[in-house]
Amino acid sequence: HGDRRVRWSGSAGDVERDGGRRGMKLIADVACGSKMFWFDKENPIVEFIDKRIVENHEFYPNRYIEIKPDVVADFTNLPYADKSFKLVVFDPPHLVQAGKTSWLRVKYGTLDTNWPEMLHDGFWECMRVLDDYGVLIFKWAETQIPLSKVLKAIQAEPLFGHKSGKYNNTHWLCFMKLGGDE
């Protein structure tokens with residue numbers, strides 16, 4: 001098969017050849033944190049968004065975390081027009097309790113006590129900036145809040161999902177925004 005590679009995200013060169021979209025941001029990661037699950041943390045078609053900036057925080061000797069979004073914004077109030085992105089990734093903080101200076105708080109952030117409203121508003125803000133027939137990937141770790149309560153709060157049902165992690169407590173869910181009158 002030679003060196004054929006299927007790349008759904010593409011490299012900068014692929015984007016340039018793809019209908020003149022060079023420089024166009026097609027994907028939004030609205031709570032990007034340290035971009036830990038991205039293979040290309042500088043992917044040119046991704047708008048990395050977070051309300052936090054953390055520069056070179058040393059959490060263990062010679063181990064650092066950095067949170068450097070392209071845009072500083074809260075996922076409940078995104079500074080984009082309706083239907084701006086083809087894909088939205090939503091991996092919000094999943095902790096309500098973490099020490100004020102703890103590694104977990106620095107790495108993942110925390111939710112406020114009004115987390116049901118916060119997640120609801122964030123989810124529907126993601127849907128607002130998602131183009132018709134676009135896909136929203138939602139990641140949730142059930143360490144403190146069960147997924148069933150999150151789904152009740154956001155008032156949406158995923159198309160499908162997958163449990164992963166050592167204890168199967170991390171859920172990857174897929175939603176699609178239907179267009180027009182559907």
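User: Where does Lys100 sit?
Analyst: Lys100 is in the loop between β6 and α2 (103-108). Helices (H or I, at least four residues) and strands (E, at least two) are DSSP runs, numbered from the N terminus. The model is predicted: local features need pLDDT of at least 70, side-chain atom pairs count only at pLDDT 80 or more, and totals for chains, interfaces and linings use all residues. Residues are numbered from 1 along each chain as its sequence is written, and side-chain values use heavy atoms, leaving out hydrogens and water.

User: Is Lys100 buried or exposed?
Analyst: Lys100 is exposed, because its relative accessible area is 72%. The cut-offs: buried is under 20% relative accessible area, exposed is over 50%, and partly exposed is in between (1.4 Å probe, protein chains only).

User: What separates the C-alpha atoms of Lys100 and Thr110?
Analyst: A gap of 9.9 Å, with the two residues 10 apart along the chain.

User: Switching to the sheet. What's the strand order?
Analyst: Seven strands make an open sheet, ordered β5-β2-β1-β6-β7-β9-β8, with mixed pairing. Strands count as paired if DSSP finds at least two bridges between them. At the edges are β5 (71-72) and β8 (160-164), each pairing on one side only.

User: Which way does β6 pair with β7?
Analyst: Parallel. β6 (residues 85-90) and β7 (residues 130-141) share five bridges. Phe85 is opposite Leu130 in β7. β6 also runs parallel to β1 (residues 27-29), through three bridges. There, Ile27 faces Leu87 of β6.

User: And β7 with β9?
Analyst: Antiparallel, over seven bridges, with β9 covering residues 170-176. Val135 has Met176 in β9 as its bridge partner.

User: What about Thr170, buried or exposed?
Analyst: Thr170 belongs to strand β9. It counts as buried because its relative accessibility is 15%.

User: Which residues does Thr170 touch?
Analyst: Lys139, Trp140, Ala141, His162, Lys163 and Ser164, leaving aside residues up to four places away in sequence. Contact here means heavy atoms within 4.5 Å.

User: Now the helices. How do α3 and α4 cross?
Analyst: The axes of α3 (residues 115-129) and α4 (residues 147-154) come within 8 Å and cross at roughly 60°. So α3 is oblique to α4. Angles under 35 degrees count as roughly parallel, over 145 as roughly antiparallel, 65 to 115 as roughly perpendicular, and the rest as oblique. Axes are lines fitted to C-alpha atoms, for helices over the stretch in contact, and angles run from 0 to 180 degrees between N-to-C directions.

User: Which residues make that contact?
Analyst: From α3: Trp115, Pro116, Leu119, His120, Phe123 and Trp124. From α4: Lys149, Val150, Ala153 and Ile154.

User: Where do α3 and α4 lie on the strands?
Analyst: α3 packs on the sheet and touches β6, β7 and β9, with its direction at about 150° to that of β7. α4 lies across β7 and β9, at about 25° to β9.

User: What is the phi of Tyr133?
Analyst: Positive too, at about 65°, and Tyr133 is not a glycine either. Tyr133 lies in strand β7. It counts as partly exposed because its relative accessibility is 44%.
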